[in-house]
2 protein chains.
Amino acid sequence: MTDATHDPARLSWVASANGHAEFPIQNLPFGVFSIAGDRPRGGVAIGDAVFDIGAALELGLFSGTARDAAEAAAGPALNPLLALPASARRALRQRLSDILSVDSDARGNASRLLHDAAACTLHLPANVGDYTDFFAGIHHARKGGQISRPENPLMPNYKYVPVAYHSRASSVRPSGEDVRRPKGQRKLPSEATPTFGACRNLDYELELGVWIGAGNRQDEPIPIGEAAERIAGFCLLNDWSARDIQSWESQPLGPFLGKSFRTTVSPWIVTAEALEPFRIAQPARPDGDPPPLPHLLDAADQAHGAYDIDCDVFLSTPAMRAANAEPYRMCRSNTRELYWTVVQMVAHHASNGCNLRPGDLFGSGTISATDAGGIGCLLEMTFGGRDAITLGNGETRRYLEDDDVVVLQAHCRRPGAVPIGFGECRGRIVPATAA
Amino acid sequence: MTDATHDPARLSWVASANGHAEFPIQNLPFGVFSIAGDRPRGGVAIGDAVFDIGAALELGLFSGTARDAAEAAAGPALNPLLALPASARRALRQRLSDILSVDSDARGNASRLLHDAAACTLHLPANVGDYTDFFAGIHHARKGGQISRPENPLMPNYKYVPVAYHSRASSVRPSGEDVRRPKGQRKLPSEATPTFGACRNLDYELELGVWIGAGNRQDEPIPIGEAAERIAGFCLLNDWSARDIQSWESQPLGPFLGKSFRTTVSPWIVTAEALEPFRIAQPARPDGDPPPLPHLLDAADQAHGAYDIDCDVFLSTPAMRAANAEPYRMCRSNTRELYWTVVQMVAHHASNGCNLRPGDLFGSGTISATDAGGIGCLLEMTFGGRDAITLGNGETRRYLEDDDVVVLQAHCRRPGAVPIGFGECRGRIVPATAA
């Protein structure tokens, strides 16, 4: 449900916000920033600036529920904000929108409230309790299956179960940090025994990240009708994947070290509220697909539980940078390609009584489309490394090379709504350790 | 390496400790306890009592490194203690041993230092950052494989890779709490489509738990020669498993909701130091097995990196309790059955640069032996539920029924050493929620 915070006519006194491709006043994502070694603290992206929530609190700009929420959002991690009911987060958003709108009298305090985003370090916005990676990109699941199991690409459970696995929380890091090429055990089909060494098939995966808000008590499942309130916000997530390590280790218990060296997220939590104008009906399941089981079926979720978010992958190679060439767009996909909604993921995850906690992170699974330009990882694009792809400058790639830079971006564009974006999710590959 | 803390001649002024089956003065495990609603705080098990570390600090019983470690061990979670170097934990152990020995002059403060263990609530000893479940019980891996993949029971990677998967940290709970039968999607091979409902094949798994101490920085693997110092201590771990949910969901990404509803651990951290007398050589690999790859091979680890710990599973049914019958011993196994050492698990886990953190928890995988009396879960004992087993009182079981109580125990017994135990890891099955 949209409200005054989404009003396309609303402008901000922060001039760079008006018409900003990512952070107009209609977005207002939360994050954690620091300046020049000062302590990390909560902020909101607005145009080319970061709004300092703690400074606004000191100025007395909040009251009531919005004040409580602002206090929860002012610290070095946003878990206290995520723990609040969605109504408190909404109250804070509404007040922030008023503070930052052209009609506000807070603009006189701009120098205290705003920091140049380019001068800020952006941190992980919350401490991740558990990180769960779903597999809701059906085109990725099918294509990946064709490579490893040509006779049976999509498992029989796929259209019943929002398949997922637990992934590694400790190694989730914010955009911008380098990605060290991992070492591990690899065995090519042509090799008799495995060897230990640097990953030879390093890949990215384009995913939507989900930040969980108020959780559930252990043994108390979340009915699907209550799941939407548990979803605080979204980010971009690059599920870096060492394909050679992964394929050797994964039987029978699933991916482990092929993923756990690092996961990169974009640093801003784009709230569920900000994405309201970009909700769409869950695309109809193809003829013959079973309906969701009752615990995964909710009329409101079917009617507007999916999202229309364009997601892009860009690759910048050393040669491109040497030539001052733009990064090459590897992929343009959209979250509407996901087979399961985020609400279904939440309801499924808690259906056995597993307790979700504020700050838990979900990955959607790789968001691939069906067209050649919409594929979210190299594994699929190269058919498991078999077919090299050609970049815009004539270079080729099967997998990532050292010094390659991968940037994920996401933008929401719908008629009648002001476009918003997620900010980038960036990582540069650095060589494996020598030792 | 043993020292004065292991001296079999050493007795405690806590009379119940001398000859105690679990907690003589040679053990001194760390935990977190509370009394009658008071705040949880660090303690040490000694005989039938819990030694209050904070009270001992107030009495000025520590100095130097031992005092620093005692302060780290006095709070509501032991993560600060786990974060210290092993040398600090050893200093604290040595001082605790002196304080509690018959020669100590601290005995005059017994009423302030000791609490009746029966009156204490024992909590989770640390906040679990990430919980990783290994698969190092080769007999379990082979038997489980025979059930689901008779043509290929042990995967080709098994003898090269200490196979593991990420499991769920949020639902790890201490011994004694009830275990709610989970609901989930199940599909028997005879059924055309899955249904959602209460688990019909609920199982336990006997595992050794490992508490990680000082961790590693991201991107900095732990050489195997340094891995032992990262292992703070051990517990028992029951990896409750909903077999019907697990078998339906697990392809291709591994176990998820079939495990994540709950994991139960014994509440005391039995330290690596306490287990020194029970270290043994890694049993020789069978002829024809490949040697570990170099990054998993360490002479000291091969020489004494395994443990001789008897591990038991007891089942108590409502009928047994009504008849005042003793629980039935389902299994007597031993950690020497594990194919990989804990040091190998740590080195493997960090080999890709994944950062381990103090308070991370590992499970060993189900510790099954090869004899019929040494099988650590019902899946194996009943061949996937096909063959009912008969308990001592004539009752039969394929899987756990409501109100069944499962208790894991572990005891170390070696010539020349005072026997020590882990304390119990207990859980009672309660019915699934009605809703």
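## Close-up views of a predicted two-chain model

**View 1. Strands from both chains at the second largest pocket.** β8 (172-174) of chain A and β8 (172-174) of chain B each supply at least two residues of the lining of the second largest pocket, where strands (E, at least two residues) and helices (H or I, at least four) are DSSP runs numbered from the N terminus. This is a predicted model, in which local features need pLDDT of at least 70 and side-chain atom pairs count only at pLDDT 80 or more, while totals for chains, interfaces and linings use all residues. Residues are numbered from 1 along each chain as its sequence is written, chains are lettered from A and ligands numbered from 1 in the order in which they are written, and side-chain values use heavy atoms, with hydrogens and water left out. The second largest pocket has a volume of about 590 Å³, and of the 22 residues that line it, A:Val128, A:Gly129, B:Val128, B:Gly129 and B:Arg357 lie nearest its centre. On a 1 Å grid over the protein atoms alone, a pocket is an open set of points with protein on both sides within 12 Å along at least five of seven lines, a cavity is a set where a 1.4 Å probe fits but cannot get out, and lining residues have an atom within 4 Å of a point. Grid points are joined across faces, edges and corners, and a volume is the space filled by probe spheres set on the points. The lining of this pocket divides into 9 nonpolar, 9 polar and 4 charged residues (Ala, Val, Leu, Ile, Met, Phe, Trp, Tyr, Cys and Pro count as nonpolar, Asp, Glu, Lys and Arg as charged, and the others, Gly among them, as polar).

**View 2. The axis that relates the two chains.** The same surface serves both copies, since 100% of the contact residues of chain B recur in chain A, contact meaning heavy atoms within 4.5 Å.

View 3. In strand β20 (residues 310-316) of chain A, 7 of the 7 residues are buried, so the strand is largely enclosed by the rest of the structure; buried means under 20% relative accessible area, exposed over 50% and partly exposed in between (1.4 Å probe, protein chains only). A:Asp310, A:Asp312, A:Phe314 and A:Ser316 point one way from β20(A), whereas A:Cys311, A:Val313 and A:Leu315 point the other way. β20(A) runs antiparallel to β21 (residues 328-334) of chain A, to which 6 bridges join it, and also pairs in the antiparallel sense with β25 (residues 405-412) of chain A over 7 bridges, pairing requiring at least two DSSP bridges between two strands. A:Cys311 stands opposite A:Ser333 in β21(A) and opposite A:Ala410 in β25(A).

**View 4. The largest cavity, in chain B.** The largest cavity has a volume of about 80 Å³, and its lining includes B:Leu208, B:Gln282, B:Tyr307, B:Trp340 and B:Met345. β19 (306-307) and α11 (342-350) of chain B are the elements that give two or more residues to this lining, which divides into 7 nonpolar, 4 polar and no charged residues.
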